[in-house]
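Hello,

Here is the structure I promised to pass on. My notes follow below it.

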Amino acid sequence: MKIVACYSNKGGVGKTASAVNIAYGLAKAGQRVLLCDLDPQGASGFYFRVKPSKKLTDERFFTDVKRFTSAIRGSDFDNLDILPANMSFRDFDVFLSRMKNSRSRLKKALKSVDKDYDVVLLDCPPNISTLSENVFKSADAILVPVIPTTLSERTFEQLLAFFDENGLPKKKILGFFSMVQGTKKLHSETVAAMRKEYGKRLLDVAVPFSSEVEKMGVHRAPVGTFARNNAAVKGYDLLCKELLERL
Ligand SMILES: Nc1ncnc2c1ncn2[C@@H]1O[C@H](COP(=O)(O)OP(=O)(O)O)[C@@H](O)[C@H]1O
Ligand SMILES: [Mg+2]
């Protein structure tokens, strides 16, 4: 089982959109997938029409295997299960602060489903916290959506610096360009400059901006189910392919 985090220390960059569409893409390709929504806003559960979890409301998320696995729900798609979030997930750092080995709790919890899935995708909230340190530790790959603008480049740099300062393996970090608008000069210039600067830390794929992705909230389904032959759908397909090659 491989653990893949969709993570950025910045909000609104496409973490949830990529988690949802990659989960769907990998499941369609025959991988057994669990999408684990770690963001209290519960957006990925919403996109898959799964209700917020009522069971996982305290630190037993990290300690009670039975509780954790019984909160997993099926989705409308073969091979794809969802662990929905709820508002108490905003207190993850409080729960973790009371525990020993507070940085390896998520890894331990996910071990309980090791045999059941090929890939676990984590849809993460946007911060650098004890929960994110758990994510960094448990994940085999950390997918970081980067909108090619100055502020996103800065947050990507901050993340790499955090890994350096804390002796974490930077090779886990796989950035990819998200919501790219080819007609914007700033976007194409930033893409070129960042490719030069960060080399292998960036995947080849760039997911373009497409209003079809925004309509996922209306359809409550991955974009590939209602907008075939769309450029963003092709982007997510390539993202799945490149991710599998890099895992
Ligand atoms: N490729 C894309 N093209 C257009 N809109 C997008 C794309 N990816 C994400 N969005 C939209 O941008 C907003 C933020 O995306 P989201 O995935 O929720 O970000 P995050 O999880 O990083 O906060 C949402 O309204 C989403 O529909
Ligand atoms: Mg999100």
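**Ligand 1 and its surroundings**

The side chain of Lys-15 places an N or O atom 2.7 Å from an oxygen atom of ligand 1. Bear in mind that this is a predicted model. Ala-17 also reaches a ligand oxygen, here through a backbone N or O atom at 2.8 Å. Pro-208 contacts a nitrogen atom of ligand 1 instead, with a backbone N or O atom 3.0 Å away. On its own, ligand 1 would expose 560 Å², and the protein buries 81% of that area. In total, 15 residues surround the ligand. The closest are Gly-12, Lys-15, Thr-16, Ala-17 and Ser-210.

**The sheet**

The strands form an open sheet of eight, with mixed pairing. Their order is S3-S4-S2-S5-S1-S6-S7-S8. Strand S3 (73-74) and strand S8 (202-208) are the edges, each pairing on one side only.

S3 pairs with S4 in the antiparallel sense, over two bridges. Gly-74 has Asp-81 in S4 as its bridge partner. The two strands make a hairpin with five residues between them. In that turn, Asn-79 has a positive phi of about 70 degrees.

Next comes S2. Strand S4 (residues 80-83) runs parallel to S2, and four bridges join them.

Helix H12 (residues 231-246) lies across strand S1 (2-6), strand S6 (141-146), strand S7 (173-180) and S8. The helix runs at about 160 degrees to S8.

**Salt bridges**

The count comes to nine salt bridges. One of them is formed by Asp-118 and Arg-32, whose closest N and O atoms are 3.0 Å apart. Why pick out this pair? As background, side chains of opposite charge can pair when their charged atoms come close.

If you open the model, I would begin with Lys-15 and ligand 1, then go to the Asp-118 and Arg-32 pair.

Best wishes

How values were computed
Residues are numbered from 1 along each chain as its sequence is written. Chains are lettered from A and ligands numbered from 1 in the order in which they are written. This is a predicted model: local features need pLDDT of at least 70, side-chain atom pairs count only at pLDDT 80 or more; totals for chains, interfaces and linings use all residues. Side-chain values use heavy atoms; hydrogens and water are left out. Two strands pair if DSSP finds at least two bridges between them. Contact means heavy atoms within 4.5 Å. Axes are lines fitted to C-alpha atoms, for helices over the stretch in contact, and angles run from 0 to 180 degrees between N-to-C directions. A residue is near a molecule or strand if one of its heavy atoms lies within 4 Å of it. A polar contact is a pair of N or O atoms within 3.5 Å; within protein, one must be able to donate a hydrogen and the other to accept it, and residues adjacent in sequence count only if both atoms are side-chain atoms. Accessible areas come from the Shrake-Rupley method with a 1.4 Å probe; for residues, only the protein chains shown count as cover. A salt bridge is a side-chain nitrogen of Lys or Arg within 4 Å of a carboxyl oxygen of Asp or Glu.
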